[in-house]
Amino acid sequence: MFAIDLTTLLGRLDALIDGCDDDTLASAVAELATVRTRCDALWLQMVAAVEARGLHRAHGARDAATWIAGLSGDRKGTARREVELAQRLADAPIVADALAAGTVSQAKAAELVRAGGLPEDAQETLVALALEAPVEAVAAAVEQARLAHGATTAPPAPELYVTRRADHALLQATVDLVDAEILDVALSTMVEAQNLPVDIPYPQRRARALTGLARYYLDHQHQAPTGRVGRPHILVLVDLEVLEARTGGSAVLAWGAVLAGDQARRLAQDANITRVITSARSEPLDVGRATRSVPPAIAKAVIARDRHCRYRDCTAPSWACDVHHRQPWAQAGPTALHNLGLLCWHHHDLVHRHGPHTLHTDPDGRWHLPQCTLAAA
């Protein structure tokens, strides 16, 4: 009966969306938000009951979170956090009541339960604050209340995970607040230093800034410890036919990820790259020396001449740039001063995406891609 009634209700709400005016829709969203919060409270009560009864064992699951994740389709980490919150709500009845009444969200409840050991009047004050305040303000208020009552929180163990997928990677990190502030300032500074186009969404600029920080470190880490292939390297396995082509093809990173041929051709020209050129049967034909493609003396001359990114209207400093071959190295382009120029990491990537052969030179020596404007870059 519960499932039938709920299905009927959802069907009516679904029909309401297209047939109502804006005021009715806004009112319905506000009411449904409260219903959603109350459903979250009921869900967490059920999760707590499942954990307490060990119901997952009857279904062959390792733990309650694994069983719940299988039912809901959520990630196991999400289910584990729900199990933990459900358990903590049992020890924080003031917060549990507010969640059940629909006055605070699950996200706010997750912050408020951290005040579960404080006096009741302090918890009530925090719950009252949470009625209107955003979840970030609730988190800060809880921490202030805990410190005011002498409660301490063990600093989190710093962690960083790099999860590689077929065509991208996910980064997930946990650091303390001081380190987070340092990272935030460093990323903001790098975003400004790279002079990235402002129409690129800011999260994307920050992601590029993070890579920029790593590249800057590697470029200046002359005393790096030696590993099994020498100093820090990126290893790419690429067929000679792909390397010589202008577009298409693919290559493989050392850990097995597949790159587009355009990405491999760019890597083949960057510093600190070991080139492994193979025949069609992946038999090595040549292995580049573990040195920079551009000799230091020539690189210094390029930096002294260009001073900053050579792309039209870009002023990214030399330390945020690569030395680019105007005529690609793989197509017999000489590593000589007249064929080299500075491109910031953003524009270097842009040029290689569109094809180095499409790069044009302005009368003043600046470079640009006719099919791209800086704003659209």
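The dialogue below takes up confidence, a helix pair and one histidine.

Tutor: Start with the model as a whole. It is predicted. The protein has 14 helices and eleven strands. Of its 377 residues, 33% count as buried.

Student: What is the mean pLDDT of the protein, and what percentage of its residues reach 70 or more?

Tutor: The mean pLDDT is 78, and 82% of the residues reach 70 or more. Confidence is highest in α7, at 93. Confidence is lowest in strand β7, residues 284-287, at a mean of 43.

Student: Over which residues does pLDDT stay under 50?

Tutor: Residues 224-232 are one such stretch, and the model gives them nine contacts beyond four places in sequence. Residues 281-292 are also below 50. That stretch has 21 contacts in the model beyond near neighbours in sequence.

Student: Now the helices. Why are α7 and α8 called roughly antiparallel?

Tutor: Take the angle. The axes of α7 (residues 120-130) and α8 (residues 135-148) cross at roughly 165°. The cut-off for roughly antiparallel is over 145 degrees. The crossing angle is above that cut-off, so α7 and α8 are roughly antiparallel to each other.

Student: What else describes the pair α7 and α8?

Tutor: Two packed helices are described by the angle between their axes and the distance between the axes. Here the axes come within 10 Å. The crossing of α7 past α8 is right-handed.

Student: Which residues of α7 and α8 make the contact?

Tutor: From α7, Leu-126, Leu-129 and Ala-130. From α8, Val-138, Ala-141, Val-142 and Ala-145.

Student: On to His-324. How do you know whether His-324 is buried or exposed?

Tutor: Compare the value with the cut-off. Buried means under 20% relative accessible area. His-324 has 0%, so His-324 is buried.

Student: Where is the place of His-324, and with which residues is it in contact?

Tutor: His-324 lies in strand β8, residues 321-325. Leaving aside neighbours within four places in sequence, the contacts of His-324 include Asn-339, Leu-343, His-348, His-352 and Trp-367.

Student: How many residues apart along the chain are His-324 and His-348?

Tutor: They are 24 residues apart along the chain, and their C-alpha atoms are separated by 7.3 Å. Across the protein, residues 24 or more positions apart account for 52% of the contacts with a separation of 6 or more.

Methods. Residues are numbered from 1 along each chain as its sequence is written. This is a predicted model: local features need pLDDT of at least 70, side-chain atom pairs count only at pLDDT 80 or more; totals for chains, interfaces and linings use all residues. Side-chain values use heavy atoms; hydrogens and water are left out. Axes are lines fitted to C-alpha atoms, for helices over the stretch in contact, and angles run from 0 to 180 degrees between N-to-C directions. Helices (H or I, at least four residues) and strands (E, at least two) are DSSP runs, numbered from the N terminus. Angles under 35 degrees count as roughly parallel, over 145 as roughly antiparallel, 65 to 115 as roughly perpendicular and the rest as oblique. A crossing is left-handed if the near helix is turned anticlockwise from the far one by less than a right angle, and right-handed if clockwise. Contact means heavy atoms within 4.5 Å. pLDDT is the predictor's confidence in each residue, from 0 to 100. Buried means under 20% relative accessible area, exposed over 50%, partly exposed in between (1.4 Å probe, protein chains only).
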